[in-house]
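Subject: A structure for you to explore

Hi there,

Here is the structure I promised to pass on to you. Please open it beside this email and follow along as you read.

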Amino acid sequence: MTMQTRSLGTTGPQVSALGLGCMGMSALYGDADRTESIATVHAALEAGVTLLDTGDFYAMGHNEMLVGEALRTAPAALREQALVSVKFGALRSPDGDWAGYDGRPAAVKNFAAYSLQRLGVDHIDVYRIARLDPDVPIEETVGAISELIEKGYVRHVGLSEVGADTIRRAAATAPIADLQIEYSLISRSIEESVLPATRELGISITAYGVLSRGLISGHFTRDRQLAANDFRAYSPRFQGENLQHNLDLVEALRKIAEQKGVSVAQIAIAWVLSRGDDIVPLVGARTRERLSESLGALDVTLDNADLAAIERAVPADAAAGDRYPAPQMAHLGSK
């Protein structure tokens, strides 16, 4: 495995070609083992991964504290190379329900204060609102992050799940390092207007969901029983006929992977890597075993014939079902 580097836009830092999304270590995918989670973060850092992604609302702060513990217990040299990306703004109730988003400047600064404490760091490398607050202009939210940058609490402004118009307005307010948004073989809507806009403005993409929450990892089976606290138990792509259809796509992809002597997950991640040097996939590995498999994608080279075969096996818009349940789809930025 050869760890490459990529730049987060024209204004952001150099990061590893793969980042580690830590959400699943705390929330939405069933129970996780804390010891193994921390060991996985350490293994990622040892392998040269520098970008760690979390959110202040992942299990109501649990994930930030876990990442903070992993950083605190890592060797100093590895701790210093880590760059932490944090999403904020999602409002939760004690029973775990979602209550909208808050992008007011005062709230931005309040969220940051708590994140710095939970993470145990003196600054956040990339800070972004998780979803657009429909009641607060993006200029105000980004402006508040810029004030945190001026005071040394944040290094770079990021965006998350917004459309081309919002990206342009945000970029006119402050330099934007990257946009975090879902992008995978079966989630390609950003290719229409979002990706052209970010490339025009010199903003990179940190792509989450590159394995579609395990759906195209090659490890998910039709008879898998999901826990009640697993997001996928309610996700449209994992239900009934949708699941059958989507796993058929995976089997078509598996044939190509086997011909190359790699795993389905590796070829799916390699496809995202092949989309451009301005795209940094976030892998959601929760164990060292899955992390090792994901890192193997860095050594997979896809030529034009491979890419054409993948396109035939899994065309754009081939997936059945939305990527979120209807109420959450309503919060995704389209402008």
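How many of the 13 residues of helix α1 are buried? Ten of them are, so α1 counts as mostly covered. Before we go further, please keep in mind that this is a predicted model.

**Helix α1**

Let's stay with α1 for a moment. This helix covers residues 34-46. From its first C-alpha to its last it reaches 18 Å, which is close to the 18 Å expected at 1.5 Å a residue.

At the start of the helix, aspartate 33 brings a side-chain oxygen to within 3.1 Å of the backbone nitrogen of threonine 35. After the helix comes glycine 48, which has a positive phi, near 105°.

A general point to remember when you look at helices: an α-helix has 3.6 residues a turn, so residues three or four places apart point the same way.

Next, please find β5, residues 83-88. This strand is mostly covered, with six of its six residues buried. Which way do its residues point? Leu83, Ser85 and Lys87 point one way, while Val84, Val86 and Phe88 point the other way, and all are buried.

β5 pairs with strand β4 (residues 51-55) in the parallel sense, over five bridges. In this pairing, aspartate 53 stands opposite serine 85 of β5. β5 also runs parallel to strand β8 (residues 124-129), and four bridges join these two. Here you can find lysine 87 opposite arginine 128, which belongs to β8.

**Salt bridges**

Now for the charged side chains. Side chains of opposite charge can pair when their charged atoms come close. How many salt bridges does a search of the whole structure find? The search finds 16, and here are some to look up.

Glutamate 64 forms a salt bridge with arginine 118, and their closest N and O atoms are 2.6 Å apart. This pair links distant parts of the chain, since glutamate 64 is in helix α2 and arginine 118 is in helix α4 (residues 105-119), 54 residues apart. Is glutamate 64 buried or exposed? Glutamate 64 counts as buried because its relative accessibility is 0%. Arginine 118 has a relative accessible area of 24%, so this residue is partly exposed.

Another salt bridge joins arginine 169 to glutamate 139, with the closest N and O atoms 2.8 Å apart. This pair also links distant parts of the chain: arginine 169 is in helix α6 (residues 164-173) and glutamate 139 in helix α5 (residues 138-150), 30 residues apart. Arginine 169 is partly exposed because its relative accessible area is 38%. Glutamate 139 counts as partly exposed too, at 29% relative accessibility.

There is also a salt bridge between the side chains of arginine 213 and glutamate 182, at 2.8 Å from N to O. Arginine 213 lies in the loop between β11 and α8, and glutamate 182 in strand β10 (residues 176-182), so the pair ties together parts that are 31 residues apart in sequence. Arginine 213 has a relative accessible area of 12%, so this residue is buried.

Finally, Arg188, Glu191 and Glu311 are linked in a network of salt bridges.

**A closer look at glutamate 182**

Why does glutamate 182 count as buried? The reason is its relative accessibility, which is 2%, because buried means under 20%. Besides its polar contact with the side chain of arginine 213 (2.8 Å), the side chain of glutamate 182 makes a polar contact with the side chain of serine 187 (3.4 Å). Glutamate 182 and tyrosine 208 are 26 residues apart in sequence, yet their C-alpha atoms are 4.8 Å apart in space.

**Leucine 226**

One last stop is leucine 226, in the loop between β11 (204-208) and α8 (240-260). With a relative accessible area of 25%, leucine 226 is partly exposed. Leaving aside neighbours within four places in sequence, leucine 226 is in contact with Phe220, Arg232 and Ala233.

Enjoy exploring, and write back whenever you like!

Best wishes

Definitions and conventions: Residues numbered from 1 in each chain as written. Predicted model: local features only at pLDDT ≥ 70, side-chain atom pairs only at ≥ 80, totals over all residues. Heavy atoms only, no water. Buried < 20%, exposed > 50% of the residue type's maximum accessible area, 1.4 Å probe, protein only. Contact = heavy atoms within 4.5 Å. Pairing = 2+ DSSP bridges. Expected span 1.5 Å × (residues − 1). Polar contact = N/O pair within 3.5 Å; in protein donor to acceptor, adjacent residues only side chain to side chain. Salt bridge = Lys/Arg side-chain N within 4 Å of Asp/Glu carboxyl O.
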